Amino acid sequence: QLQLVESGGGLAQPGGSLRLSCAASGSTLDYYAIGWFRQAPGKEREGVTCINSKGGTTNYIDSVRGRFTISRDNAKNTVYLQMNSLKPEDTAIYYCAAQYYCSGPLVPNGWGQGTQVTVSS
């Protein structure tokens, strides 16, 4: 069965960069859209961005557009989130999720365990 594992989180200074990875095992990601979500302390989880199965369509929320870039390497069964110009308000636990299509239902066992991103000086 599908398992997703996020990595690459950590502490970054404002204006800095991090690259998150979402690696899959147990199933190929080729047929799934992959979304990145985040949950800040005391806030609800929100969708940040999504990439469709072919990598040709991506969506971003306004607060990260122009700073974050999602990409995928199906040969490596991995999706990436490049985060530049980080701001303190980007601090959150970041999760990846496999979906049948962007904004669509989740694939069974489609959530990763999350990786903490902290932006602070």
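A salt bridge here is a side-chain nitrogen of Lys or Arg within 4 Å of a carboxyl oxygen of Asp or Glu. Asp90 and Arg67 meet that rule, with their closest N and O atoms 2.8 Å apart. This is a predicted model, and the rule gives a count of four salt bridges in it.

- Asp90 sits in the loop between strand 8 (78-83) and strand 9, while Arg67 sits in the loop between strand 6 (58-60) and strand 7 (68-73), so their contact ties together parts that are 23 residues apart in sequence.
- Asp90 is buried at 1% relative accessible area, and Arg67 is buried too, at 10%.
- A network of salt bridges links Arg38, Glu46, Arg67 and Asp90.
- Within that group, Glu46 pairs with Arg38, their closest N and O atoms being 2.7 Å apart.
- Arg38 is buried at 6%, whereas Glu46 is partly exposed at 32%.

**The Asp62–Arg65 pair**
- Asp62 forms a salt bridge with Arg65, with 2.5 Å between the closest N and O atoms.
- Asp62 is exposed, at 63% relative accessibility, and Arg65 is partly exposed, at 47%.

**Positive phi angles**
- Most residues other than glycine have a negative phi.
- Ser103 has a positive phi near 70°; this residue belongs to the loop between strand 9 (92-99) and strand 10 (106-111) and is exposed at 71%.
- Asn109 also has a positive phi, about 60°, but lies in strand 10 and is partly exposed at 42%.

Note on methods
Residues numbered from 1 in each chain as written. Predicted model: local features only at pLDDT ≥ 70, side-chain atom pairs only at ≥ 80, totals over all residues. Heavy atoms only, no water. Helix = DSSP H or I, 4+ residues; strand = E, 2+ residues; numbered from the N terminus. Buried < 20%, exposed > 50% of the residue type's maximum accessible area, 1.4 Å probe, protein only.
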